[in-house]
Amino acid sequence: MNSHTNNHCAPLEGLKILDFSTLLPGPYATMLLADMGAEVLRIESPSRPDLLRGFPPMVDSSPPLSAAHATINRNKRSLAIDLKSPKAQEVIRRLLQKYDVVIEQFRPGVMDRLGLGYQHLSQQRADLIYCSITGYGQTGPLKQRAGHDINYLALSGLASYSGSRSHGPCLSGTQIADIAGGSHHAVMSILAAAYHRQRTGDGSYIDISMTDCSFALNAISGANALALNTSPEIESELLNGGSYYDYYRTSDNRYLSVGSLEPQFAEQFFIKIGHGEWLGRIIQDDQQEKLKEDIATVIATKTQKEWIAVFQDIDACIEPVLSFTEAADSELIQSRDMICSVNGDIKQINTPFRFNSRKPQSFNRGAALGEHNHAVLSELGFSSGEIDEISEAQGATN
């Protein structure tokens with residue numbers, strides 16, 4: 001079970017989820033749901049464990065756990081069972097009496113072949129919410145094609161105008177399609193389906209395509225492109241390098257972010273770098289490249305620390321580019337309680353959610369494979385003999 005302090009701060013308490021997913025999109029989604037109080041049970045293969053379990057580095061626990069797995073699968077229980085085994089159908093049937101949401105991210109048709117697709121399971125539970133996360137959706141010409149975050153961003157159009165002319169498309173530091181596309185849209189859809197079920201009693205089938213969701217993230221640039229029947233290009237837009245809104249290298253090879261687009265912020269920025277006369281150039285399209293070069297030359301004359309001091313008390317939308325460690329140690333992140341300790345000694349990124357000025361605090365690191373087999377199967381009414389039989393057949397940890 002989840003361990004939460006301040007249970008009144010856990011708005012999803014009572015929502016019970018069977019999670020058949022691995023790696024990042026599905027598990028990150030169920031982490032967010034678990035952070036908000038949902039009870040999540042991972043259904044894992046005993047012979048093909050989630051690759052995230054072996055992702056280095058390992059945290060010092062017993063047994064050793066991947067730091068990524070310990071975080072992304074926190075507050076979840078683990079049931080290791082071979083879905084092809086004769087007993088699996090009976091286990092899932094009993095679980096459906098208790099769990100009302102399913103999330104999976106196999107290729108289309110896999111869960112159907114296992115007898116665990118939406119059509120089959122919804123016959124057992126009519127109010128079931130069933131969410132499938134795939135790269136290209138349940139329909140369409142690429143539905144069976146393998147892919148990764150980089151591929152979904154490429155086919156969505158987002159990559160085509162992200163980067164620089166000199167180097168082309170760039171890789172993001174995080175997986176935009178997986179998380180912003182798959183995870184976040186899955187959570188939003190599941191919560192919408194839960195609200196719909198509350199009003200109507202009906203279940204829902206949710207088809208999340210990470211490419212669809214990435215395409216939707218084109219937002220402003222996409223809206224403009226459709227209106228003008230053109231495509232945005234690298235360093236051609238206001239916010240993608242086509243203006244002085246950009247990152248600039250300091251004399252110590254650090255960076256400064258310059259986001260002072262509004263006139264009042266721009267005025268402060270140019271005055272503080274000693275060139276108030278450059279303000280008029282921000283509206284001249286043919287001046288943008290040269291303006292950026294001139295700004296870069298000035299920013300390169302001081303260290304990042306010196307520029308921080310210059311803009312410390314000025315509203316100009318200028319901030320230093322921090323390393324992750326610097327960000328984690330910063331007064332801002334610390335004051336927002338964005339770092340937490342799990343199981344007493346494992347540091348993790350805390351949930352960003354805050355309800356009634358408080359966070360639902362979590363204390364359980366990601367579970368070992370099959371860690372909760374005995375407890376879960378006992379709750380489902382299996383006898384000790386049956387549990388031993390199932391566990392021996394799976395080779396799972398009890």
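Helix α7 spans residues 176-200, and its 25 residues reach 34 Å from first to last C-alpha, close to the 36 Å expected at 1.5 Å a residue (the expected span being 1.5 Å times one less than the number of residues). Helices here are DSSP runs of H or I with at least four residues, and strands are runs of E with at least two, numbered from the N terminus. The model is predicted, so local features need pLDDT of at least 70 and side-chain atom pairs count only at pLDDT 80 or more, while totals for chains, interfaces and linings use all residues. Residues are numbered from 1 along each chain as its sequence is written, and side-chain values use heavy atoms, with hydrogens and water left out.

Directly after α7 comes Gly201, with a positive phi near 85°. Helix α1 (residues 25-35) packs against α7 at about 45°, the two axes lying 8 Å apart (axes are lines fitted to C-alpha atoms over the stretch in contact, and angles run from 0 to 180 degrees between N-to-C directions).

Two loops deserve a look. Most residues other than glycine have a negative phi, and most peptide bonds are trans. Pro56 and Pro57 are joined by a cis peptide bond with omega about 0°, and Pro57 sits in the loop between β2 (39-44) and β3 (58-59). Asn229 has a positive phi, near 55°, and belongs to the loop between α9 and β11 (246-249).

The second largest pocket is lined by 16 residues, with Phe215, Asn218, Gly222, Ala225 and Pro232 nearest its centre. On a 1 Å grid over the protein atoms alone, a pocket is an open set of points where a 1.4 Å probe fits, with protein on both sides within 12 Å along at least five of seven lines; lining residues have an atom within 4 Å of a point. Helix α9 gives the largest share of this lining, 6 residues.
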